[in-house]
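Dear colleague,

I am passing on the structure that we discussed, and my notes on it follow below. Please read them alongside the coordinates.

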Amino acid sequence: MAFFMVLLGVVAFLLFLCSALLRWNEVRYMKKGLPPGTMGWPIFGETTEFLKQGPNFMKNQSARYGNFFKSHILGCPTIVSMDPELNRYILMNEAKGFVPGYPQSMLDILGKCNIAAVHGSTHKYMRGALRALISATMIREQILPKIDEFMRTHVSNWDNKVINIQEKTKEMALLSSLKQIAGCDSNSISQAFMPEFFKLVTGTLSLPIDLPGTNYRHGFQARKNIVGMLRQLVEDRRAAKEVHEDMLGCLMREDDNKYKLSEEEIIDQIITLLYSGYETVSTTSMMAVKYLHDHPSVLQELRKEHFAIRESKRPEDPIEWNDIKSMPFTRAVIFETSRLATIVNGVLRKTTQDMEMNGFVIPKGWRIYVYTREINYDPYLYPDPLTFNPWRWLEDKCLESQGHFFIFGGGIRQCPGKELGIAEISTFLHYFVTRYRWEELGGDKLMKFPRVEAPNGLHIRVSAY
Ligand code: HEM
């Protein structure tokens with residue numbers, strides 16, 4: 001009896017302690033003017049619920065508190081904005097005080113000259129330098145020939161093999177970028193680069209705990225190794241006085257170069273290019289393969305488009321800019337894949353001063369999660385939104401330019417690599433669907449949140465078409 005009394009006492013005390021802690025955390029953030037919402041536990045906030053329930057957490061909170069609510073996720077007091085108009089406003093008004101709010105681990109590992117770490121005139125300059133590297137003219141004249149050469153080799157000898165398409169698209173995104181940036185083929189530098197780069201990526205998505213064995217420490221070490229390799233490459237090129245027709249060659253050009261960057265800036269620009277195009281391009285490519293497998297009529301239409309392009313070419317002729325421009329259905333498949341899989345759930349901003357918005361006051365330093373995922377499933381914009389239907393992008397040409405198309409972000413940070421990414425994925429699909437048919441082995445799990453990934457890979461059996 002006494003034991004049960006003690007047990008009851010302990011349970012009652014714990015319940016009291018929990019509700020006191022929750023209450024205390026609510027009171028701490030009960031500033032006047034903040035939007036409604038809950039803050040969860042001290043320090044941890046509602047991160048566990050957010051990661052466990054994913055999009056449902058957002059839906060439940062917005063059902064209770066509206067499309068603009070407060071929470072405490074991923075270590076920061078955060079405003080979640082699911083309102084399309086407010087999202088647009090935030091993205092368009094960086095100058096008023098909504099700067100990028102990416103986690104500290106990401107900024108530490110990507111470098112202080114990384115585009116997400118700079119604002120104002122520095123951002124304008126760095127963005128200008130980047131855009132000059134990946135402009136339409138550069139894609140047409142310099143980059144696309146490299147992409148074509150890379151893809152036709154990467155997608156060769158898959159006949160009669162079981163392929164982990166997740167692994168292959170990840171390698172593809174990285175190695176293709178390395179070829180564009182530094183002309184590297186699958187040679188020693190790219191082989192040494194790859195494992196370091198993968199550690200860097202994992203480090204940027206980790207908690208910033210600098211202890212032996214943590215992903216953060218590994219990521220940081222990987223950054224040092226990558227910087228070392230890139231610095232060596234720059235020095236070798238300087239010493240050899242060689243001129244190279246690749247992105248690094250353009251960044252290093254001394255004469256007739258509108259954007260003069262220091263060595264540190266050049267290296268961080270390269271890391272920016274590699275990082276920004278990596279997960280977006282690889283995951284979109286993998287999910288396109290998945291959706292095409294599941295929708296034979298779409299695959300048939302896509303093949304028709306690509307065989308028509310091949311018909312006018314010899315086997316060794318490369319894919320050129322005009323070919324990319326005559327792939328409207330492929331473009332639609334890429335958009336529909338990005339929409340339905342929601343490769344990008346949203347973007348992060350933080351306030352540089354107290355900001356008034358929608359009748360609320362967001363304190364200085366708070367993070368804003370510009371959560372754009374739900375727009376992708378809006379039945380008014382995309383009728384029958386859960387159906388994979390690329391034709392919708394052809395029937396309504398305005399879909400791509402409507403104000404709530406946030407697949408590539410918006411405002412002054414709208415993705416400058418959009419057309420390059422589309423060209424890469426289109427060229428990959430070209431060689432893949434014209435050479436092969438494939439079936440899934442089955443049994444692979446696909447996760448959609450917080451990132452789209454197949455935890456154990458996505459395995460397909462490939463045979464010649
Ligand atoms: C399907 C492919 C891609 C998708 C879905 C995508 C998506 C996005 C999104 C949503 C943003 C906005 C981030 C923000 O506002 O904070 C962004 C920015 C950016 N993207 Fe992409 N991206 C893709 C491919 C690429 C590629 C291939 C490159 C470069 C080679 C690239 C380079 C960048 C850069 C440098 C930024 C930052 C721009 C700035 O801060 O001014 N992206 N991208």
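Leaving aside neighbours within four places in sequence, Cys415 is in contact with Phe408 and Gly409, where contact requires that the C-beta atoms of two residues, placed from the backbone, lie within 7 Å. Please bear in mind that this is a predicted model, in which local features need pLDDT of at least 70 and side-chain atom pairs count only at pLDDT 80 or more, whereas totals for chains, interfaces and linings use all residues. Residues are numbered from 1 along each chain as its sequence is written.

Cys415 sits in the loop between α16 (391–395) and α17; helices here are DSSP runs of H or I with at least four residues, strands are runs of E with at least two, and both are numbered from the N terminus. Cys415 counts as partly exposed because it has 16 C-beta neighbours inside 10 Å, the limits being 20 or more other C-beta atoms within 10 Å for buried and 12 or fewer for exposed, with partly exposed in between and C-beta atoms placed from the backbone. An unreviewed UniProt entry lists Cys415 under "binding site", although such annotations may be inferred rather than shown by experiment.

Around the ligand there are 26 residues, of which Ser276, Gly277, Gly409, Cys415 and Gly417 come nearest; a residue is taken as near if its C-beta atom, placed from the backbone, lies within 6 Å of the molecule. At least two residues of this shell come from each of α6 (120–133), α12 (263–294) and α17 (418–435), and α12 gives the largest share, with 7 residues.

Turning to the sheet, 5 strands form an open arrangement in the order β1-β2-β8-β5-β3, with mixed pairing, and two strands are said to pair if DSSP finds at least two bridges between them. The edge strands, each pairing on one side only, are β1 (68–73) and β3 (98–100), and the twist from one strand to the next averages 35°. Between β1 and β2 (residues 76–81) the pairing is antiparallel, over 6 bridges, and Lys70 stands opposite Ile79 in β2.

Helix α3 (residues 55–65) lies across β1, β2 and β8 (367–371) and runs at about 135° to β1, with axes fitted to C-alpha atoms, for helices over the stretch in contact, and angles taken from 0 to 180 degrees between N-to-C directions. Helix α4 (residues 84–92) lies across β1, β2, β3, β5 (346–351) and β8, at about 125° to β8.

With best regards
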